[in-house]
Structures are given as C-alpha cells and as structure tokens.
Amino acid sequence: MSTRHTPAPNDLRAFWMPFTANRQFKKAPRMFVRAEGMHYTTSDGRQVLDGTAGLWCCNAGHCRPRITAAIQEQAAELDYAPAFQMGHPKAFELANRLIGIAPEGMEHAFFTNSGSESVETALKIAIAYQRAIGQGTRTRLIGRERGYHGVNFGGISVGGIVSNRKFFGTLLTGVDHMPHTHLPGRNAFSKGQPEHGAELADELERIVTLHDASTIAAVIVEPVAGSTGVLVPPKGYLERLREICTRHGILLIFDEVITGFGRTGATFAAEKYGVMPDLITCAKGLTNGVIPMGAVLATGAIHDAFMTGPEHLIELFHGYTYSGNPIAAAAGLATLQLYADEGLFERAADLAPVWQEALHSLRDCPHVIDIRNEGLIGAVELEPIKGEPTKRAFQAFLDAYDAGILIRTTGDIIAMSPPLIISEAQIDELVGGLRKVLQKLN
Ligand SMILES: Cc1ncc(COP(=O)(O)O)c(C=O)c1O
C-alpha cells in the first residue's frame, strides 16, 4: 500500500500558507467563505467587519457586482492573449485610464501581476534607463530601513525589514539604505504628517557622497511605509529626497502598492504630497484585489529613452506571461470606473478627519505607545511584552477576529486600512471594537 498522503476534505496540511504562523493557524483555522461590501463571512457563519480591505487591496469593498460582471464577460469573450508581440484592446484602454488618473508626467504603464513584480520591474527599468542614456555606471539602488517592497530578490534587497531579508542569503549587491523615519521620541501621536524628521532625507546626501552619484541609478521608498507598521513621511522629507535625487541625476521611485488608488485621500500619494517621482509602482487597488495585477507608471522621458534603434527590435527585455492579462484588464477597467462613479477617493479624503479622531481616541487604552494615521490608514503601536515581541499584538488580532473585526498586525503594531466605502458608523464600530480588545489585553 502506498504511504503517500491522500488529502482528506478539510485537510489543512498541503497548503503551506504565506506569511502565516502555519502551525498556529492549522490548530485553530480562521476561514472566510464569502464577502460582501464591508464584511466577510466566516466558515462558522459569523460576520467580520473588514478593517484592512483584505490586504490593503479591496478599496471598493467586496464582491462589487460591476467588477464581478466585467470579469465574467471578459472570461467568456477573450480569456487570454499572448502578452509578447500581440495585444488586445482592454490592456491599452486600461493603460490610458491609468495614465489619465496618474500624476502629471506619468505617460506609460507597464503591466505586472503583483506589487513584488512591479518593484522588480521598476528597479530594472531604472538601471536599464541609466544605461540607455549613457549612464551605464549607475547601477546602485538605494532603499530605506524598514521599507517593504515585496518579496522578490530586488525588493528584499532594497527593502529594510530584517525578517524578510536575513534568511535569504546575500541578496543583490550594490544596494544601500537610508535610515527609517520612525522617531517615537519626537513624533509620537502625530496626526497625519509628523513635524520632525525632514532632515533624515539628508542621509541620502551622505550615501551619495560615499558611493558617488555616478554609481547610483535610483532611490526607492514607500511614500507612506505600510507593512512596517505605518510610517507617515515627516513634513518636508519627500520634497528633500526629490531635490537630492534631481540634483544628482538619480531616479526617484515611489512604491505606491498600498498608497495608490485613494488610500491617502488622493489618487496617488505623489499627488497628496505634491512630490513627483520618476516611476510609480502600483498593484492591489488597481483591480480592487480581485484579480492579481500590478503596474509601473513611467514618465515620457524614461519610456522614450528606450525607443531608439531599429524598429523591429524589442526595446525592453522584460515582461510576464500575464502582463496586461485580458481578465485582469477588464477587472481594472471596471474597478477604476467604480472608483470614479462613487467618488471613492474623495470619500476617503472626506472621511480622513473622522478616522483620525476615532483612532486617536484610543490613546488612553492600555499598552498604547503611539498612534499614526494618514488618509484611511491607521496604526496603533503597543508596548511589546518584555522578551516576547509581537505576542501582544498577535493576541489583539486573534481577539479582534473573535469579536468580529479584522485588523492586521506587524510586530507590535496594529495596522488598519478599511475599504474606502466604510461608513462613519462602521468606523465607530471598528474603533469601538478595538478599544474593547485593547482593554482586555494582557
Ligand atoms: C509597498 C509595497 N510594495 C510591494 C508590495 C508587494 O506586493 P505583492 O504582495 O502584491 O507582491 C507590498 C505588499 O504589501 C507593499 O505594501
């Protein structure tokens, strides 16, 4: 008899879950079986209020009929078209729609399937662009401590989250990091952008002096660092980064995988802060999280630098089988239309002050050492249990789930990013629920 394991229904062993405490999960699984609007339904029939828009991606809420219908229709009409040397109308239509809402100067969209792939694509475009303009010695990439740029080798190399890096060898060479902008001693409980820390951007000047500008291709930052636990840029910080990059011929990449599509109360954070990068990465909200898709937005100057040489030759040796996939493109078009028709980005901006005050009302709760917010993003940082970092916040996550609210934790920080359709009453419900959880926490 074969000893090969045959999975039984509900056998949880085979699926090695991503970024999950697998053994803990499989002892007490948390399963969502359906979703609608602001709520998930669990396998035991409970409603859970979504305080995280899935993973920062379902900005229009769940199972929106227009997106569902667009996917269904596209699947029946044109399921797949080769992405290389062939096209289909919806990919072009979506690229135009995206450029139409992107910050001024962004003129082209390169499609990917995730945030991680958008990051790899942007880093490669940056290095290849420098070569294309005769600056081939510019190959270095500069990231930032505590940065999250997905999980592929380029992204973890420029990223600065230690656990995402330390297990995976020596990573890319020729990478350096600026300091992070978390200054709890000076900025704790800031509402929106903190006052202190613009000078941290000057560290880029030091790095440029160390390596020489002629070796540096690009700097990549999240305008608001999300995965590390929500670090809002200090006032003046992004402006200084922009100025230093421009002065030294270094490209500035904004990783807007979470800040894109209304999350900060503007279409992109670049617009919110009035700082224009050379490349923007996005994903998540592009299709409301429903179908995997990402994009890199590039200025005309970057794109045009590649458009030289004989016309029968490929200009950029990069792309994915599913770049601009028809079903993803249909989902993207329906999503962008829905955002526009319902004015969801404006709604996020209108709700931001209510969100801010609700969140900061948790200041008096036990263990709370900082609260940060921007747009419809929020973080509550807890004092770690001595010798057991992350345990307290993880317990809060489990208790919140039992209490019917979905939050996310990273380290000892609770992060929230609800769908932009959240109502004021649901903000109260989310924050009120979290208050009860925090009050009972050890
Ligand atoms: C800023 C940023 N970049 C990249 C990524 C990676 O995206 P994905 O998980 O779609 O690969 C994320 C995901 O959270 C992110 O927040």
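**Pockets, a cavity, a sheet and a ligand**

Visitor: What is the volume of the second largest pocket?
Guide: This is a predicted model, with residues numbered from 1 along each chain as its sequence is written. Local features need pLDDT of at least 70, side-chain atom pairs count only at pLDDT 80 or more, totals for chains, interfaces and linings use all residues, and side-chain values use heavy atoms, without hydrogens and water. A pocket is an open set of points on a 1 Å grid over the protein atoms alone, with protein on both sides within 12 Å along at least five of seven lines. A volume is the space filled by probe spheres set on the points, joined across faces, edges and corners, and for the second largest pocket it is about 1,200 Å³.

Visitor: Which residues lie nearest the centre of the second largest pocket?
Guide: Lining residues have an atom within 4 Å of a point. The second largest pocket has 37 of them. Nearest its centre lie Ala83, Ala109, Phe110, Phe111 and His318.

Visitor: What is the volume of the largest cavity?
Guide: A cavity is a set of points where a 1.4 Å probe fits but cannot get out. The structure holds three of 30 Å³ or more. Residues lining the largest include His182, Asp370 and Arg372. Its volume is about 110 Å³.

Visitor: In E2, which residue is the bridge partner of glutamate 36?
Guide: E1 and E2 (residues 39-42) pair in the antiparallel sense over four bridges. The partner of glutamate 36 in E2 is histidine 39.

Visitor: How far is a polar side-chain atom of serine 116 from an oxygen atom of the ligand?
Guide: Lysine 284 has a side-chain N or O atom 3.0 Å from a ligand oxygen. Aspartate 255 has one 2.7 Å from a ligand nitrogen. For serine 116 and a ligand oxygen, the distance is 2.6 Å.

Visitor: How much of the ligand's accessible area does the protein cover?
Guide: Accessible areas come from the Shrake-Rupley method with a 1.4 Å probe. On its own the ligand has 390 Å². The protein covers 83%.

Terms used: Two strands pair if DSSP finds at least two bridges between them. Helices (H or I, at least four residues) and strands (E, at least two) are DSSP runs, numbered from the N terminus. A polar contact is a pair of N or O atoms within 3.5 Å; within protein, one must be able to donate a hydrogen and the other to accept it, and residues adjacent in sequence count only if both atoms are side-chain atoms.
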